Amino acid sequence: MENKQRVVVAPGDGIGPEITEAVVRILQAAEAPLEYEYIEVGLAAYEKGHTSGISPEAWQAIRRGKCLLKGPITTPQGKGMKSVNVTLRKTLNLFANIRPCKAYSPSVASAHPGMNLVIIRENEEDLYAGIEHRQTPEVTQVLKLITRPGTENIVRYAFEYARAYDRRKVTCMTKDNIMKLTDGLFHQVFEEIAAEYPEIRAEHQIIDIGAARLASSPELFDVIVTLNLYGDILSDIAAQLAGSIGFAASANIGQDFAMFEAVHGSAPDIAGKGVANPSGLLVAATQMLVHLGYGGIGERIKNAWLCTLEDGIHTPDIYREQLSAREVGTQGFAEAVIERLGREPRILRPVRYQNRPIQIQRAPQKPAVRQLVGVDVFVYWDESGRDPNVLGKRLEAATTESLPLMLVTNRGVKVYPEGLPETFCTDHWRCRFRTTGAGVDYAEVLTLLQRLTAAGLEVIKTENLYTYDGQPGYSLGQGE
Ligand code: NAD
């Protein structure tokens, strides 16, 4: 007998148990070689005093099973309660969020009939590290962290996903015309990895133009891979364009763990009525099958589901007099899908999935030669009408021979030397000191900081300037 893959099932709250029952019935009827272990997460766990909504027993089951099919959770209102979704995503290092957005026209009404795209969003890095500071009375800052290993993981996952789902094009979206180092790294890694997948078309679009094109012509896109913040925004735009929230599924993937769920919530208004559409969780379950290497079974279920839609067997949320043939409840819908297992849709395009688990290999990192060449010193200064020339002269008087002052910027605009009088200046100044030689010792940076402090200047932060294999590891100011 074939070894069964263990799947941890968390039915969740509200309509969760009803739609989970329907989905597991379909998985069993399709003979998916899965073994189900049920856990309790959500309201019941919160009520037992588990502030993360997950009991220790449930954690153990997740650790053993590694693959989680999760129903929606009602967000608790009480203080000190943590979101189950955020806890799972962070604790299990789920670095990729995958959101397919597809129209099922003409069987289900849609404003964008040709839309069939997937957004693959990096889920752990970027501005979401939550490192923020109020540096001066006027200025706040957030750190945007983009790493090479994190970017390689998400980009490689996007190409492996395209292979597994028979998709032809991957579009990378960044803002690297402005953020040359962070978004630039993402774009560069994309180009490097794209070269390993010659059968898949690779293109890059600047995020603002890309988002506008997505909103007006979503049918132009296939797979989109992008950074955390852009992906967050794009996936909501795309879900809105695709139409019925009841259909949307999402996968969260890590190196060791994976979690599959519907995008919608626990729908307390219809819970217990037997009318919820189980499609979102069913689409998530087919994503899970492809992830585990059972693409053939995922394909059978998805095609049977497409047949059900095009035969007009619809739950109330998508029932339309002109398009639908029969209105069914949650379990009636599941029965209709089961009856159609083995059939292929005639109007909607059948799906084709591969029978190979989606796995990504970590590439070995190449060490670079790193050299300290200077320092950006951020100072809080609110004197002399904030005249940059006064500050510039004070800095030059305190500087050392090995680390001369190169420039001063205010909100990224050069104000010294040779600034423009029109530039608005806040109380936060970036002062760049860089060697004219090959490199400096950190002790020289410390000497400079002591001299600046002794001169009455308030240093609020420093950033070391390094070169990597001779290339600057910092953005260049105007005129440098
Ligand atoms: P919701 O998605 O639960 O419901 C919005 C509307 O869509 C409701 O009218 C509902 O009846 C309908 N709907 C949702 N899913 C449906 C389905 N499968 N079939 C038919 N109709 C469906 O959003 P909400 O009402 O804002 O949130 C309810 C609860 O769910 C809240 O506690 C929220 O925090 C939580 N929530 C959880 C998740 C999750 O666990 N992933 C996601 C979103 C919201």
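Reply: Buried means under 20% relative accessible area, exposed means over 50%, and partly exposed lies in between, with a 1.4 Å probe and protein chains only. This is a predicted model, in which local features need pLDDT of at least 70, side-chain atom pairs count only at pLDDT 80 or more, and totals for chains, interfaces and linings use all residues. Residues are numbered from 1 along each chain as its sequence is written, and side-chain values use heavy atoms, with hydrogens and water left out.

Me: Is Tyr-230 buried or exposed, and why?
Reply: Tyr-230 counts as buried because its relative accessibility is 11%.

Me: Where is Tyr-230 found?
Reply: Tyr-230 belongs to helix α8, residues 228–242. Helices (H or I, at least four residues) and strands (E, at least two) are DSSP runs, numbered from the N terminus.

Me: Which side chain makes a polar contact with the side chain of Tyr-230?
Reply: That of Asp-183, at 2.7 Å. A polar contact is a pair of N or O atoms within 3.5 Å; within protein, one must be able to donate a hydrogen and the other to accept it, and residues adjacent in sequence count only if both atoms are side-chain atoms.

Me: What else does Tyr-230 touch?
Reply: Not counting residues up to four places away in sequence, Tyr-230 touches several residues, among them Lys-144, Met-173, Thr-174 and Ile-207. Contact here means heavy atoms within 4.5 Å.

Me: Changing topic: with which strands does β4 pair?
Reply: Strand β4 pairs in the antiparallel sense with β5 (residues 116–122) over seven bridges, and with β11 (residues 249–253) over three bridges, also antiparallel. Two strands pair if DSSP finds at least two bridges between them. Cys-101 stands opposite Leu-117 in β5, while Asn-97 has Asn-252 in β11 as its bridge partner.

Me: How many residues of β4 are buried?
Reply: Five of the seven residues in β4 (residues 96–102) are buried.

Me: And for the whole protein, how many helices and strands?
Reply: The protein has 13 helices and 20 strands. Of its 480 residues, 53% are buried.
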